[in-house]
Amino acid sequence: MIYPVYVFGSPILRKKAKEIEEGEEGLSELVENLFETMYASDGVGLAAPQVGISKRIFVIDASPMKEDDEALEGFKKAFINPYIIDQTGEKWPFNEGCLSIPTIREDVERPAEVEIEYYDENFNYHHETFSGIKARIIQHEYDHLEGVLFIDKISPLKKKLLKSKLMSISKGKVDVEYKIKFPG
Ligand code: CO
């Protein structure tokens, strides 16, 4: 099932998402639907709050970015109840976009490495460190579970310049190829 994507201005994007319980009913369908929605909207990552579900889960498939880095081929994972333990390394800028903020892209600085604990779709525990674009996508999606958006991490001046564009998005006045749900 393909969900509509909630866009900027939706209160759920600003809420801290709740943990998932092991064996929770409908979890495998949720994982499946998140992947399906992500593929339908040409994203490389999608977090549950972006489809109106305030739960701590996001999915990633970075394969479409394999031209940037061949290690991204087959980097497909579900992260359940993730917890970032540490972020290390020098900050570097990367041009980010977000399905919830269509048509806007900005350079965002984040630390190079992320150490994270999470459970996969079978509720197996993992503790791993990621770097490069893998880390970048994880950091972006993780922020969604905390109610944080990438535009929170750009300079106040740049954000000011985006104000009218953001206002249009929150009113649904934006041209997108996928189904969106705008506030009100
Ligand atoms: Co996003």
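A charge is said to sit over a ring if NZ of Lys or CZ of Arg is within 6 Å of the ring centre and within 35 degrees of the ring normal. In this predicted model, the charged end of Arg-136 sits over the ring of Trp-92, and that of Arg-56 sits over the ring of Tyr-142. The distances are listed below.

| Charged residue | Ring | Distance to ring centre |
|---|---|---|
| Arg-136 | Trp-92 | 4.7 Å |
| Arg-56 | Tyr-142 | 5.9 Å |

**Cobalt site**

The cobalt ion has as its protein donors SG of Cys-98 and NE2 of both His-140 and His-144, at 2.0 to 2.3 Å. Along the sequence these donor residues follow the spacing C-x41-H-x3-H. Cys-98 belongs to the loop between strand E4 (76–96) and strand E5 (106–119), while His-140 belongs to helix H2 (residues 132–145), so this pair ties together parts that are 42 residues apart in sequence. Cys-98 has a relative accessible area of 11% and His-140 one of 8%. Buried means under 20%, so Cys-98 counts as buried, and so does His-140.

**Aromatic pairs**

The structure holds 8 aromatic pairs. One of them joins Phe-79 and Phe-130: the ring centres are 6.2 Å apart and the planes stand at 70 degrees, so the pair is edge-to-face. Phe-79 is part of strand E4 and Phe-130 of strand E6 (residues 125–131), so the pair ties together parts that are 51 residues apart in sequence. Phe-79 and Phe-130 are both buried. Ring pairs also link these two residues with Phe-58, Phe-75 and Tyr-118 in a cluster.

Terms used
Residues numbered from 1 in each chain as written. Predicted model: local features only at pLDDT ≥ 70, side-chain atom pairs only at ≥ 80, totals over all residues. Heavy atoms only, no water. Donors = N, O, S within 2.8 Å, 3.2 Å for Na, K, Ca; no water. Helix = DSSP H or I, 4+ residues; strand = E, 2+ residues; numbered from the N terminus. Buried < 20%, exposed > 50% of the residue type's maximum accessible area, 1.4 Å probe, protein only. Phe/Tyr/Trp six-rings, centres within 6.5 Å; stacked < 30°, edge-to-face > 60°.
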